[in-house]
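Try each task yourself before you read the solution.

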Amino acid sequence: MEANRKWLSIPEDFRKKLIGNVFCTNCKGAVTITDFIIVDHPVGIMLEGKCKNCGQSVARVVEMDE
């Protein structure tokens with residue numbers, strides 16, 4: 001619940017940019033993350049999901065000031 005609160009505290013336009021800018025090691029570039037969950041991370045939150053292009057697991061850490 002805390003991770004979701006942190007995620008929702010980010011402005012919507014910036015959240016959309018984060019969702020569309022996740023690195024995929026299979027595609028070798030920035031992709032859109034799909035089917036993601038938001039989890040707590042020591043420096044903020046982490047998005048864990050799948051690459052929109054190939055379906056491989058991807059993740060993005062979002063650093064946040066508390």
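**Exercise 1. Find out which residues arginine 15 touches, leaving aside its neighbours within four places in sequence, and what charged partner it has.**

Keep in mind that this is a predicted model.

Step 1: Look around the residue. Arginine 15 is in contact with Trp7, Leu8 and Ile10, once neighbours within four places in sequence are set aside.

Step 2: Arginine 15 sits in helix H2, which covers residues 12-19.

Step 3: Look for an opposite charge. Arginine 15 is buried but has no salt bridge, and the nearest side chain of opposite charge, glutamate 12, is 4.7 Å away. A salt bridge needs the nitrogen and oxygen within 4 Å.

Step 4: Check for other polar atoms. A polar atom of the arginine 15 side chain lies 3.4 Å from the backbone oxygen of leucine 8.

**Exercise 2. Work out which residues have the most contacts inside the largest nonpolar core.**

Step 1: Take the core as a whole. It has 14 residues, and Trp7, Ile10, Ile45, Val58 and Val62 have the most contacts inside it.

Step 2: Ask which elements build it. Helix H1 and strands E1, E4 and E5 each give two or more residues, and E4 gives the most, with three.

Step 3: Zoom in on tryptophan 7. Again leaving aside neighbours within four places, tryptophan 7 is in contact with several residues, including Arg15, Phe36 and Ile45.

**Exercise 3. Track down the salt bridges in the whole structure.**

Step 1: Count them. The search turns up three.

Step 2: Start in helix H1. Glutamate 2 and arginine 5 pair up at 2.3 Å, N to O. They are three residues apart in that helix, so about one helical turn separates them.

Step 3: Go on to helix H2. Glutamate 12 and lysine 16 meet at 3.7 Å, N to O, and they are four residues apart, about one turn of the helix. Glutamate 12 is partly exposed at 49% relative accessibility, while lysine 16 is exposed at 55%.

Step 4: Finish with lysine 6 and aspartate 40, whose closest N and O atoms are 3.7 Å apart. This pair links distant parts of the chain, helix H1 and strand E3, 34 residues apart. Lysine 6 is buried at 10%, whereas aspartate 40 is partly exposed at 46%.

Technical notes:
Residues are numbered from 1 along each chain as its sequence is written. This is a predicted model: local features need pLDDT of at least 70, side-chain atom pairs count only at pLDDT 80 or more; totals for chains, interfaces and linings use all residues. Side-chain values use heavy atoms; hydrogens and water are left out. Buried means under 20% relative accessible area, exposed over 50%, partly exposed in between (1.4 Å probe, protein chains only). Lys and Arg count as positive and Asp and Glu as negative; His and the chain ends are not counted. A polar contact is a pair of N or O atoms within 3.5 Å; within protein, one must be able to donate a hydrogen and the other to accept it, and residues adjacent in sequence count only if both atoms are side-chain atoms. Contact means heavy atoms within 4.5 Å. A nonpolar core is a set of buried Ala, Val, Leu, Ile, Met, Phe, Trp, Tyr and Cys residues joined through side-chain atoms within 4.5 Å.
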